[in-house]
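Hi everyone, thanks for coming.

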Amino acid sequence: MFYLPLLCLLNSSSSVILLFLSFSNSFSKPHSHSFHPPSPSPINASFIPITFSPQLTLYIHKPPPFFSLSNLAGTTPLRRRRHMAEQFSSSVAFGVNLSKRIYHERGSAPTPAPAMSRSLSRSAPEGLLHLPMAPMCYAVIFEPEMVENPDIRSYQPYVHGRCEPPALIPLQLHGVAMEVECCLDTAFVTVTGRWRVHCVTASSTCDCQVAVPMGEQGSLLGLEVVHEERSFHTELTSLQDVKDKEKVAKSKDGYFLKSQIYTIKIPQFKGGSIFSVKIRWTQKILFHNGQFSLSVPFTFPSYVTPSGKKFSKKEKIILKVNSGAATEVLCKTTSHPLKGQVRQAGKLSLSYEAEVPAWSSTDFSFSYTVSSTDIFGGVLLQSPFLRDFDDREMFCLYLYPGQDRKVFRKEVVFVIDISASMKGSPLENIKNALLASLSQLRLQDTFNIIAFNGEVNLWSPSMEPATEEAILKATNWVDTTFIANGSTNIFLPLSKAMKLFQKSTDSIPLIFLVTDGAVEDEREICNFVKSCVTSGQSVHTPRLCTLGIGLYCNHYFLQMLAQIGRGHYDAAHDLDSIDFRMQRLFSTASSVIAADITIESLENLDSQLFPNHIQDLSLGSLLIISGRYNGAFPKSVKVSGTLADMASFVLELKVKREKDIQLSNVLSKRHIDLVTADAWLLESKELEEKVIKMSIQNKVPSEYTCMVLVENNEGKKASQPESLLMQKVYNRLSLQNTDLNGQKLFLGGMSLGFGDIKATAQNIPPAIKEAKPTEGLLEKAASNCCGRLADTLCGMCLLKTCACLNDQCTIVCTQLCAALACFELIKCCIELCDCDCFE
């Protein structure tokens, strides 16, 4: 008796179904079947035997839901992104269960994964409980048979089958160090960890997947992997070559799992090996009413803690704060027991180092204040470094708003996109945030609401006082009017909003534009807003704040609108963050304490300002104005403006040469974004070239560059031709894009793009940063051969039909399926072969 894997059916209504045929010789006497499919305990699978005749038994293997590939077909990008996050979490859960096969010495068994607490279950949606909350490394397991202790064989029962998608087993962490450097409103985070491939036999190799969860507005700067035999590092390269753009578009080795979780696949590590991973990223330091707060993902699950006493578990954290000011930095709260090392004016250095029984189980959080209740600031100067392509001097002017100061009266118009693409969760989250923002208005404030799609709906023909009665009427109007339908027209509602404001000198006119789409007349809209902004800055000029949702809207168009309108911009890349980000944007823009800000003493300089239009000073953010200049910078700079009580203020800021803060690192991200927006608006190739130079020089990703993973040549052993060929076949079958000759892996998903007008016209729901679903050769074979048939037949109909077949018909069907499988095998060989012999 023998058993034949027959085929894999994928249809639109069921999971992947593997069919196994078990039969004996046609002319032998019937006997009992004792086929035992792979043990379901580690794989959590079920095999359903169905006997058609004494010679033939059909086994149906139905994997867990997260193995389903057909669920991706016909779904929106948002649902695919949600599916990929759930699939990753399920693969980790599957990997944790699979790792239970590993034999451990007596007394060295790892700590079992604890059940999720109720509080954690509330914070993490169902299906996403195993997403990383700290930098993590996973072994990518396609073959369950390789899961074994590399030091001690356990002789576990042989596990048949293949994991599709692969299981992800968290590796053991043997040491971690984190360094956080806070400069003005930006934090630079560097995490270094030593990981051991403890779950793969010493004779086997596997890929390792690195997951990097980043904090607020995180941006990955680079990654280094060091192993005794090989090492990797990331670098940025220009995307001017069309072939490179195609490689990035097809890349599966780097992608965003969620908006702030980036994953990178590192190829081929031996079982039992130890390697070091160094990750560096930047993130925003939140600021409100004089207090800075920082939160860095640093929560490790218990199962990454190595078992036994022979492993040293050293945890280290270094924190450095440089406010740029001459006032004292006061620590308010901290999550870890930090001890002070250096305390100077404007600077603070703390550290923590200890042998721990288990790795950190909470995120690293820290809050501090720069002691002053009044508005203060300064100017920092710095010379360009030796290889800087721009040889002009750098400057950075900053203003701190102080604490508990009077804010301006507000006139607010909310301009909300209710096109058909906003249907469901996006519009519901916006409604919640809108109503919460209305409740924050004071009686002396006025407001209005405009809902737009292809048409414009005004709640009131004029601005209304923010009374309880008016807010209640607006709430009822929102409930009846906010119905997602129609197309997207941004120009018309913006022009209506501009006309609603009456000239006033004691209030701040605010326009909040929220959209998920891109339109064809975006440059005309920018020119229109420019014409509405008076040349001489005045308090009654409308401030324009923008919030972009997903990736189909043009985020650089929205940034340009906010820059021209002297407002603020934010983006919601996850639908769950819409409510929070819209409320925070409103809180920042509506807490203005100083407007009509001008900078004197720079008229005689050949200087370039970022941004070109100076924003108001708000309790919700620092005001940072930076740029490059030629000439002699003055010894002091005067800053003037208007306070909320209509009194004027003048500050004389001291100028100093800065040695401890690398201004190019702190300012590069905002400069790149602003120049990219200018390049888009002006359609300037020269500015695009400038962005490329800035991006590569400062190692900050941009729209015109791509991050690649490069294998270092030092210490690399030359591969034999036979092993090289086998490696190539393995890479193709395991869905890898490893370029063995070029030694580069293109990492995708780093850019936002410039919107998708076609998707907006078709009212496709917002696309979020996501991983594109992979489709391997074997999945293609199954879907190409049997996809149409499987879509027209249900499972029970197929079983009933097979039950009516006689022995001869069964043999014919078996031979037919085997022939089809051979044809698809030839097709797989063609895809693996680089020669033209099959063409």
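In which strand is Ile 318 found? Ile 318 sits in strand β17, which covers residues 314–322. Just keep in mind as we go that this is a predicted model.

Okay, so is Ile 318 buried, partly exposed or exposed? Its relative accessible area is 22%. Buried would need a value under 20%, so Ile 318 counts as partly exposed. And who does Ile 318 touch? Leaving out residues up to four places away in sequence, Ile 318 touches Met 178, Glu 179, Val 180, Leu 350 and Ser 351. Here's another one to find on your screen: Gln 341 is 23 residues from Ile 318 in sequence, and the two are 10.0 Å apart in space, C-alpha to C-alpha.

Now let's look at some helices. Find α5, residues 425–439, and α6, residues 468–481. They pack at an angle of about 170°, and their axes are 11 Å apart. Angles over 145 degrees count as roughly antiparallel, so that's what we call α5 and α6. On the α5 side, the contact is made by Lys 431, Leu 434, Leu 435 and Leu 438, and on the α6 side by Ile 471, Ala 474, Thr 475, Val 478 and Asp 479. Sort those by class and you get six nonpolar, one polar and two charged residues.

Next pair: α8, residues 522–532, and α9, residues 555–564. Here the angle is about 5°, with the axes 10 Å apart. That makes α8 roughly parallel to α9. From α8 we have Glu 522, Ile 525, Cys 526, Val 529 and Lys 530, and they meet Phe 557, Met 560, Leu 561 and Ile 564 in α9. By class, this contact of α8 with α9 has seven nonpolar, two charged and no polar residues.

How many cavities of 30 Å³ or more does the structure hold? There are seven of them. I'd like to show you the second largest cavity, with about 170 Å³ of space. Its lining has 18 residues, and the ones nearest the centre are Asp 390, Arg 628, His 671, Met 694 and Asn 698. Which element gives the largest share of that lining? It's α11, with five residues.

Terms used:
Residues are numbered from 1 along each chain as its sequence is written. This is a predicted model: local features need pLDDT of at least 70, side-chain atom pairs count only at pLDDT 80 or more; totals for chains, interfaces and linings use all residues. Side-chain values use heavy atoms; hydrogens and water are left out. Helices (H or I, at least four residues) and strands (E, at least two) are DSSP runs, numbered from the N terminus. Buried means under 20% relative accessible area, exposed over 50%, partly exposed in between (1.4 Å probe, protein chains only). Contact means heavy atoms within 4.5 Å. Axes are lines fitted to C-alpha atoms, for helices over the stretch in contact, and angles run from 0 to 180 degrees between N-to-C directions. Angles under 35 degrees count as roughly parallel, over 145 as roughly antiparallel, 65 to 115 as roughly perpendicular and the rest as oblique. Ala, Val, Leu, Ile, Met, Phe, Trp, Tyr, Cys and Pro count as nonpolar, Asp, Glu, Lys and Arg as charged, and the others, Gly among them, as polar. On a 1 Å grid over the protein atoms alone, a cavity is a set of points where a 1.4 Å probe fits but cannot get out, and a pocket is an open set with protein on both sides within 12 Å along at least five of seven lines; lining residues have an atom within 4 Å of a point. Grid points are joined across faces, edges and corners, and a volume is the space filled by probe spheres set on the points.
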